[in-house]
Amino acid sequence: MSETIKVDIWSDVQCPWCYIGKRKFEAGVAASGTEVEVEYHSFELAPDTPVDFAGSPVDYLSERKGIPVPQVLEMLERVTGIAESVGLHYDYDSVHQTNTIKAHELLHYAKAHGLQLEMKESLLKAYFVDGGHVGRIDDLADLAETVGLDRADVVRALTENDYLAAVKADVAQAVEYGIQGVPFFVIDGKYGISGAQDPDTFAQALRQVQGEKAAAAAGTAPSTEETHA
Amino acid sequence: MSETTPTGTVTDTVPAARPIIQLLEQDDTAGGCCGGGSCGI
């Protein structure tokens with residue numbers, strides 16, 4: 001029986017490559033034949049964004065980041081096309097650019113209640129596909145309820161900042177690891193993979209770690225020589 | 001790590017250094033988000 005491999009993923013809810021990377025990672029896991037335990041960690045791409053930002057992602061990237069509008073449109077068109085190739089139907093016309101700190105707190109709340117993976121998928125889908133708002137506590141609580149969390153307790157926890165420290169600890173850990181962009185995958189606490197890599201890259205890394213774990217369990221170093229029958 | 005002082009024991013709360021993450025072989029052009037910096041989104 002193979003040993004479960006821990007994968008820590010730094011990601012933001014409003015990162016288009018993170019949703020794409022999630023799909024590619026999931027495909028890589030399936031192809032690898034390994035068992036993984038995934039834990040999502042917080043990374044804030046735009047912590048200065050107001051919750052009720054009056055504008056679209058195009059407005060945000062052009063006005064706040066100074067990227068010319070034609071370039072922003074080209075970037076979004078490209079990422080939307082790549083999302084489509086992995087089965088994700090991004091709808092940037094309905095995206096609500098917002099601050100994601102409360103969404104990250106909710107992900108920590110969901111982790112504490114054993115539903116982090118469900119919550120992560122739900123938040124990404126709400127933001128990129130369904131035109132949901134992932135910055136306001138009431139909207140987040142509605143979403144939390146759909147994955148089986150207690151709506152009233154979510155409102156309480158987010159209002160009282162129960163998991164703010166956990167979010168900040170994740171951000172600090174990202175700095176410590178030298179993570180400058182997301183998605184960022186840390187496999188077995190020691191190997192890093194940055195970006196929405198192809199499934200093969202994830203599968204290869206997972207097989208490598210599985211081999212190392214098997215060798216360690218057997219008390220031997222992993223063989224680098226091929227065996228010929 | 002801790003240190004004993006005249007008023008008691010002071011515990012060093014700085015966490016132990018984490019092992020440096022080793023980047024595996026990967027495509028450096030794969031998409032990622034860095035908050036509107038060099039990678040745009």
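Which strands of chain A does helix H9 (residues 199-218) of chain A lie across? Helix H9 of chain A lies across S1, S2, S3 and S4 of chain A, and runs at about 175° to S4(A).

## Ground rules

This is a predicted model, so to speak: local features need pLDDT of at least 70, side-chain atom pairs count only at pLDDT 80 or more, and totals for chains, interfaces and linings use all residues. Residues are numbered from 1 along each chain as its sequence is written, while chains are lettered from A and ligands numbered from 1 in the order in which they are written.

Five strands make up an open sheet with mixed pairing, in the order S2(A)-S1(A)-S3(A)-S4(A)-S3(B). At the edges sit strand S2 (36-42) of chain A and strand S3 (22-23) of chain B, each pairing on one side only. Strands here are DSSP runs of E, at least two residues long, and helices are runs of H or I, at least four, numbered from the N terminus; two strands pair if DSSP finds at least two bridges between them.

Now for the individual pairings. Strand S3 (residues 184-187) of chain A and strand S4 (residues 191-194) of chain A run antiparallel, joined by four bridges. Phe184(A) has Ser194(A) as its bridge partner in S4(A). On to the other chain: S4(A) and S3(B) run parallel, with two bridges between them, and Tyr191(A) stands opposite Gln22(B) in S3(B).

## Helices over the strands

Axes are lines fitted to C-alpha atoms, for helices over the stretch in contact, and angles run from 0 to 180 degrees between N-to-C directions.

## Where the chains meet

The contact takes 32 residues from chain A and 18 residues from chain B, with residues in contact if their C-beta atoms, placed from the backbone, lie within 7 Å. On chain B's side, the residues touching chain A split into nine nonpolar, seven polar and two charged. Nonpolar covers Ala, Val, Leu, Ile, Met, Phe, Trp, Tyr, Cys and Pro; charged covers Asp, Glu, Lys and Arg; the others, Gly among them, are polar.

Chain B has zero helices and three strands, and its elements run β-β-β from the N terminus on. Buried residues make up 17% of its 41 residues.

Gly32(B) is found in the segment after S3 of chain B. Gly32(B) counts as buried because 23 other C-beta atoms lie within 10 Å; the cut-off is 20 or more, against 12 or fewer for exposed and in between for partly exposed, with C-beta atoms placed from the backbone. Gly32(B) and Ile21(B) are eleven residues apart in sequence and 18 Å apart in space, C-alpha to C-alpha.

Note on methods:
Two residues are in contact if their C-beta atoms, placed from the backbone, lie within 7 Å.
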